[in-house]
Amino acid sequence: MPLTTTPLPSKTSFQLEDVESAAKPQRIKPTDYTDNNINQDENKRLKDVEISVPVVYGTMAFYLGKKANELQSHKWTVYVRGATNEDLGVVIKQVVFQLHPSFDNPIRVVESPPFELSECGWGEFEICISILFHDDVCDKHVDLFHLLKLYPDAESGPQSTKKPVVVETYNEIVFPGPSETFLARVLNHPAVYVPRLPAGFNLPAPVPSPNMNVKGKDDTKNHPLIHWFINFSEADELLKLASARQQVSLS
């Protein structure tokens, strides 16, 4: 899959907006996810059904203080997480992070949650994040682009070794016409928004994906950086609505 980066900028080349973007959250469909894909196996795919997965991707950078040098001034982590810190392994098969080419092995593949990696450096650059899904989800991928930010805005005060610079983006990945096996597996999963299904609708018994972990084992609710994660109210409302709909459909 094509991955791109931008040339390594100076330390102050990029100045991002405030941590929480005011932009309206996007709803993303995997690349080339069209009606042709949906109709490939029409008997096993559900028309007029749409599954939504709220995700957050971003970076968190800590200043190294007295340990900093010209080449390593910050330790940072780039990640893809569930918007409410639930395990995304039920949907995501692997995440590919492409770093600046000055890093050793700049293309990093993470094949199990938590989908993240940490590095040290001094420069800000654009990271390409490619999300690939389990076979019964879809055979396409989603490419996201995130600008690593190491240095706080002027109004945030001086750099601190205790308070990181956090930049996160909330999106919803949408899967129209999901397969029956995919829907059965995620129907009651807290990381996934599933619409209310018609009464009497029967699904096959759920089959775990090959690298899917025990529910809750690899969520980020106990992540060491969770204190700094941004709370996105859109995700809370979406998943509360999903839970309410599921309760009604089961009653």
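Student: Where is the place of Arg 108?

Tutor: This is a predicted model. In it, Arg 108 sits in strand 5, which covers residues 107-110.

Student: Does Arg 108 count as buried or exposed?

Tutor: The cut-off for buried is under 20% relative accessible area. Arg 108 has 16% relative accessibility, so it counts as buried.

Student: Which residues does Arg 108 touch, leaving aside those up to four places away in sequence?

Tutor: They are Val 95, Val 96, Phe 97, Leu 99, Phe 103, Leu 117 and Glu 119. As for polar atoms, one in the Arg 108 side chain lies 2.9 Å from the backbone oxygen of Asp 104.

Student: Now the nonpolar core. Which members of the largest one touch the most other members?

Tutor: The general idea is that nonpolar side chains tend to be buried together in soluble globular proteins. Here the largest nonpolar core has 42 residues, and Trp 76, Val 91, Ile 129, Ile 131, Phe 133 and Phe 175 touch the most other members. Among the elements that each supply at least two residues are strand 3 (74-82), strand 7 (126-133) and helix 2 (180-186). Strand 2 gives the most, five residues. A second, separate core has ten residues, including Tyr 79 and Phe 229.

Student: Why is strand 9 described as largely enclosed by the rest of the structure?

Tutor: Because eleven of its twelve residues are buried.

Student: In which sense do strand 2 and strand 9 pair?

Tutor: Antiparallel, over twelve bridges. Within strand 9, Pro 176 is the residue opposite Glu 50.

Terms used
Residues numbered from 1 in each chain as written. Predicted model: local features only at pLDDT ≥ 70, side-chain atom pairs only at ≥ 80, totals over all residues. Heavy atoms only, no water. Core = buried A, V, L, I, M, F, W, Y, C linked by side-chain atoms within 4.5 Å. Buried < 20%, exposed > 50% of the residue type's maximum accessible area, 1.4 Å probe, protein only. Helix = DSSP H or I, 4+ residues; strand = E, 2+ residues; numbered from the N terminus. Polar contact = N/O pair within 3.5 Å; in protein donor to acceptor, adjacent residues only side chain to side chain. Contact = heavy atoms within 4.5 Å. Pairing = 2+ DSSP bridges.
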